[in-house]
Amino acid sequence: GLFGPLVIDEPHPPFTYDREEILLFNDWFLKTSEEILAELVKPGAAMVEPMKKPGDESPGKMAGEMPRKMPEKMQMSGQPDVGDVPFESILFNGRGRFTGDDDAPLAKVSVKRGEVVRLRLINGSTTYALRFQIDGHRLTVVMADGAPIKPIEVDNLLIHVGERYDVLLTADQSGAAWIRAATLAGGEGRAVLHYDDTPGAQPPREPAPWGGNGLKPGDLRSPSPVTLAENPQEIRLRLGGSMMPYRWTINDEEYPKAEPIRLKTGEQVRFVLENPTGMSHPFHLHGHYFHVLGAPDALNLTDPPQKDTVSVPVGGTLVLAWQATNPGHWFFHCHIEWHAATGMARVVEIG
């Protein structure tokens, strides 16, 4: 629990708003990370949160409303799973509820009708991509991982582990609404948005439908054209892993028993990440930004977004373009903590 947001304000924000709020949300387990990792690496003891049924687009109920039975093992079958560890709870700014607890206090965001609030959204989870929504309110996405993007209006957005998004919320309703963060399998945490005319209100407990207009990776665009290097060094990185035995690799090597990626200061690079595994992997590069060009057969060479964390989809390939401008030793790793802890990482040496 020893973590929190670090916010660096830009001198001149590229958009207008009245004030801001931070929402840091994360998964929370009763066992320690050491205990969870020991269970994962124990032979025959891999855990996983179950998949939703095909066609079921609405994530499930929050902890405290629906007990969940988790399978003891998961086979890599080519179908994407959504988490290596059974879901227990989601916290918003350190507050949330476990199954069977309906009374614990929830985080609240207070708004005045008519104001525009900048929400800084941070997925600080160990395990889960989380879909974020404020019921009955549209959100305008304006930044990704601290870098500006062309504004885009959505009902909700999927935020992978380690990703951050800034969104603008126009307070044009009244009463109270649920703020939701849900795993792809339906485990959900909530906070409350309430208007100043009803400060003590709490929304009805019945689940609300999720909006159909979600943010898609291809929606992200830089606000201005991007100049890319003509002859970058291409480095192919093939992701691998299995649940039994529990191990995760890059180019069949497990960190720390892996050769570093050595680059010269100023070198232009393209990482080509191939993901034949049954899971998506959110990758984070320390010390640098990169441009997300997309899949090799559909590269965006005009206005690719700038990020430092991106999810490599199941069965897909993703191309990242960047320049090694920051000398030193930098970590490049899957942000699912259990994957990083068991080998899916590299050191990038820039000298």
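**Figure 1. The largest nonpolar core of the predicted model has 69 residues.** Phe25, Phe132, Leu157, Phe271 and Trp322 have the most contacts inside this core.

**Figure 2. Contacts of Phe271 beyond its sequence neighbours.** Neighbours within four places in sequence are left aside. Phe271 then touches Ile235, Leu237, Ile261, Leu318, Val319, Leu320, Trp322 and Phe332, each a contact in the model.

**Figure 3. Phe15 and Tyr17, one of nine aromatic pairs in the structure.** The ring centres of Phe15 and Tyr17 are 5.8 Å apart. Their planes meet at 40°, so the pair counts as tilted. Phe15 has 14% relative accessibility and is therefore buried, the limit being under 20%. Tyr17, with a relative accessible area of 22%, is partly exposed.

**Figure 4. Phe271 and Trp322 form an edge-to-face aromatic pair.** The rings lie 5.4 Å centre to centre, with 65° between the planes. Phe271 belongs to strand 16 (residues 268–274). Trp322 belongs to strand 21 (residues 317–323).

**Figure 5. A cluster of aromatic rings.** Ring pairs join Phe271, Phe283, Trp322 and Phe332. Two of these residues, Phe271 and Trp322, are also listed with the most contacts inside the largest nonpolar core.

**Figure 6. Arg190 over the ring of Trp178.** The charged end of Arg190 sits 4.8 Å from the centre of the Trp178 ring.

Definitions and conventions:
Residues numbered from 1 in each chain as written. Predicted model: local features only at pLDDT ≥ 70, side-chain atom pairs only at ≥ 80, totals over all residues. Heavy atoms only, no water. Core = buried A, V, L, I, M, F, W, Y, C linked by side-chain atoms within 4.5 Å. Buried < 20%, exposed > 50% of the residue type's maximum accessible area, 1.4 Å probe, protein only. Contact = heavy atoms within 4.5 Å. Phe/Tyr/Trp six-rings, centres within 6.5 Å; stacked < 30°, edge-to-face > 60°. Helix = DSSP H or I, 4+ residues; strand = E, 2+ residues; numbered from the N terminus. Lys NZ or Arg CZ within 6 Å of the ring centre and 35° of its normal.
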